[in-house]
Amino acid sequence: LPAGKYRKHLEAVSFATKSIDEFFTKLFDKQAAPNYRWRGIQLRFVRSVGKRTPSAYAIGWLFAYNVEGSLMQNQLGVRETYFHELFHSNDNDWSGKTLRKDYDAIVKKCPGVTIKCLAPYAPNDTVVRGGTYYAFQQNNGDGVHEYAAELAVRYWEEHMEILAKGKLAKRPFKCGTPENGRAWKALIDQFFGGRDLTPSC
């Protein structure tokens, strides 16, 4: 376990797991539990030498956390990263089988995966070095898996906001483009029991 100067990371993971558990408990109160696992996850803490990547990764139901990771700077960043990796554990290539057609079409539509072109389709605002959205970064494994994980993060963020404030400050992601709407519906039907509190388009 992280100790000494790294203890803050143990506290950040504890915050993330408790917060996410509270989120699902509240969202599915008096509802059927979703087909999604967020409990019973093994945690492993690692430290990279001479670099700050990867910040985290998932293998099966194991979440590996890099105490030197570039995304692990505060509790909110840790929580978002944890939720992203949690989706990978649940995915089992569902995203590759379900979202690939639209994902590939978006990448083809935006040569060089430029920010301006991709902005309407990006589920999250995480940008990588070189200037593209993480959801559409190429040469990073199968990109559609990262797109799907970022889509899950967007689902969590929008529903966190609704549960806390009763409404969204911005237009729902699903209302941006037809591709967004199809991906959103497929995601929530598969993993979140069709539960969608976001307003209709």
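Analyst: Cysteine 175 and cysteine 201 are joined by a disulfide, with 1.9 Å from S to S; a disulfide here is a pair of cysteine sulfur atoms within 2.5 Å. This pair links distant parts of the chain, 26 residues apart: cysteine 175 is in the loop between helix H6 (143-165) and helix H7 (178-191), while cysteine 201 is in the segment after H7. Helices (H or I, at least four residues) and strands (E, at least two) are DSSP runs, numbered from the N terminus.

The model is a predicted one: local features need pLDDT of at least 70 and side-chain atom pairs count only at pLDDT 80 or more, while totals for chains, interfaces and linings use all residues. Residues are numbered from 1 along each chain as its sequence is written, and side-chain values use heavy atoms, with hydrogens and water left out.

The link of cysteine 175 and cysteine 201 is left-handed, with -90 degrees about the S-S bond. Cysteine 175 counts as buried because its relative accessibility is 9%, whereas cysteine 201 is exposed at 68%. Buried means under 20% relative accessible area, exposed over 50%, and partly exposed in between (1.4 Å probe, protein chains only).

The whole structure holds two disulfides. In the other, the sulfur atoms of cysteine 110 and cysteine 117 are 2.0 Å apart, and the link is left-handed, with -70 degrees about the S-S bond. Cysteine 110 is buried at 1% relative accessibility; cysteine 117, at 27%, is partly exposed. Counting bonded cysteines along the chain, the pattern is 1-2, 3-4.

Now to the start of the chain. Helix H1 (residues 7-27) has 21 residues, which at 1.5 Å a residue should span 30 Å; its end C-alpha atoms are 30 Å apart, so the two values agree. The expected span is 1.5 Å times one less than the number of residues.

The buried residues of H1 include His9, Val13, Ile20, Phe23 and Leu27. An α-helix has 3.6 residues a turn, so residues three or four places apart point the same way. Lys18, Glu22 and Lys26 are exposed, on the face of H1 turned away from its buried side.

Among the elements covering the buried residues of H1 are strand E1 (42-46), strand E3 (62-66), helix H2 (75-91) and H6. Contact means heavy atoms within 4.5 Å.

Three strands form an open sheet of mixed pairing, in the order E1-E3-E2. E1 and strand E2 (56-59) are at the edges, each with a single partner strand, so one side of each has no neighbour in the sheet. Two strands pair if DSSP finds at least two bridges between them; E1 and E3 run parallel and are joined by five bridges. Arginine 44 is opposite alanine 64 in E3.

H1 lies across E1 and E3, at about 155 degrees to E1. H2 packs on the sheet and touches E1, E2 and E3, its direction making about 25 degrees with that of E2. Axes are lines fitted to C-alpha atoms, for helices over the stretch in contact, and angles run from 0 to 180 degrees between N-to-C directions.

Helix H2 contains threonine 81, which is buried at 8% relative accessible area. Beyond its neighbours within four places in sequence, threonine 81 is in contact with Ala56, Phe63, Leu71 and Met72.
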